[in-house]
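Please look over the sequence and the structure before reading on.

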Amino acid sequence: MALRYKTRKWLALLVLFIGVPLYIVVAVNVVGLFERPPILLELLIYVSLGVLWAFPLKAVFKGIGQPDPDA
């Protein structure tokens, strides 16, 4: 079942304003549980975690910047 445009728009805003900050806090805390790796490895971990969250949510964000197709 495809989500309506308004539903995807509200879901995208919810993810951006609540989900991403929570994801950042969780990622920093999980990485902080282990001994600090070398700076380049730590950078690679944060960059990969920063990109990884978007793949499962690609369908939510697809076409959000376009005008409402139902209007």
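## Helix packing and a salt bridge

Helix α1 passes helix α2 in a right-handed crossing. The model is predicted. Two packed helices are described by the angle between their axes and the distance between the axes. Here α1 and α2, the latter spanning residues 39–52, pack at an angle of about 150 degrees, and their axes are 11 Å apart. Because angles over 145 degrees count as roughly antiparallel, α1 is roughly antiparallel to α2.

From α1, the residues Y23, A27, V28 and V31 take part in the contact, and they meet I45, Y46, L49 and L52 of α2. The residues of this contact comprise eight nonpolar, no polar and no charged.

The count of salt bridges comes to one. R36 and E42 form a salt bridge, with their closest N and O atoms 2.8 Å apart. E42 has a relative accessibility of 12%, which is under 20%, so E42 counts as buried. R36, at 60%, is over the 50% cut-off and therefore counts as exposed.

T7 belongs to α1, which runs over residues 5–32. T7 is partly exposed, because its relative accessible area of 35% falls between 20% and 50%. T7 lies 53 residues from V60 in sequence, and the C-alpha atoms of T7 and V60 are 9.0 Å apart in space.

The accessibility values are set out below.

| Residue | Relative accessibility | Class |
|---|---|---|
| E42 | 12% | buried |
| T7 | 35% | partly exposed |
| R36 | 60% | exposed |

Conventions: Residues are numbered from 1 along each chain as its sequence is written. This is a predicted model: local features need pLDDT of at least 70, side-chain atom pairs count only at pLDDT 80 or more; totals for chains, interfaces and linings use all residues. Side-chain values use heavy atoms; hydrogens and water are left out. Helices (H or I, at least four residues) and strands (E, at least two) are DSSP runs, numbered from the N terminus. Buried means under 20% relative accessible area, exposed over 50%, partly exposed in between (1.4 Å probe, protein chains only). Axes are lines fitted to C-alpha atoms, for helices over the stretch in contact, and angles run from 0 to 180 degrees between N-to-C directions. Angles under 35 degrees count as roughly parallel, over 145 as roughly antiparallel, 65 to 115 as roughly perpendicular and the rest as oblique. A crossing is left-handed if the near helix is turned anticlockwise from the far one by less than a right angle, and right-handed if clockwise. Contact means heavy atoms within 4.5 Å. Ala, Val, Leu, Ile, Met, Phe, Trp, Tyr, Cys and Pro count as nonpolar, Asp, Glu, Lys and Arg as charged, and the others, Gly among them, as polar. A salt bridge is a side-chain nitrogen of Lys or Arg within 4 Å of a carboxyl oxygen of Asp or Glu.
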